[in-house]
Structures are given as C-alpha cells and as structure tokens.
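Me: Could you pick one spot in this model and take a close look at it for me? I would like the cut-offs spelled out as you go, please.

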Amino acid sequence: MRSALLSVKGVTRAQVRLAENEAIVTYDPEQAKIEDLIKAVSEAEGPTGQRYSARVKKEKPNAS
C-alpha cells in the first residue's frame, strides 16, 4: 500500500500502519487530490492478495 500511495504524483511521504488501519500521507494538494489517494489504496494489493479500502479520517481541530 505504501508504494501505491508513493506512486501518486504529489505524494512526498507515506507511512502505513496496517495494525491500526491507518496511513499518514504528506502530499501537495495542487498535484494530488484525496480521491487520487483513495483510488491508489483501493487498487493496491497486499502480499497475500488482500485488498484495501480507504476513507479520510476526520480529526478534531486543536483547542489551543
């Protein structure tokens, strides 16, 4: 999945945590859109043929 995310134009960093069902992606929003990242994940195939799905995780804004 990491390599699929890194193959998206504009992605500069991808950290995947399969145990937490999470990926942290750094990208240029001028080059890559959220839909591009979700598509890359959904088209990725794991080492034993498993498929993945993705959604954007909404985070609460900092209360500072």
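Reply: Ala14 sits in strand β1; helices (H or I, at least four residues) and strands (E, at least two) are DSSP runs, numbered from the N terminus. Before going further, please keep in mind that this is a predicted model, where local features need pLDDT of at least 70, side-chain atom pairs count only at pLDDT 80 or more, and totals for chains, interfaces and linings use all residues. Residues are numbered from 1 along each chain as its sequence is written, and side-chain values use heavy atoms, with hydrogens and water left out.

Ala14 counts as buried because its relative accessible area is 5%; buried means under 20%, exposed over 50% and partly exposed in between, with a 1.4 Å probe and protein chains only. Who are its neighbours? Setting aside those within four places in sequence, Ala14 is in contact (heavy atoms within 4.5 Å) with Arg2, Leu5, Leu6, Ile24 and Val25.

Now for the setting around Ala14. The protein has two helices and two strands, running α-β-β-α from the N terminus. Of its 64 residues, 20% are buried. As for contacts between residues at least 6 apart in sequence, 21% link residues at least 24 apart. The protein exposes about 5200 Å², of which carbon and sulfur atoms supply 48%; these areas come from the Shrake-Rupley method with a 1.4 Å probe, and for residues only the protein chains shown count as cover.
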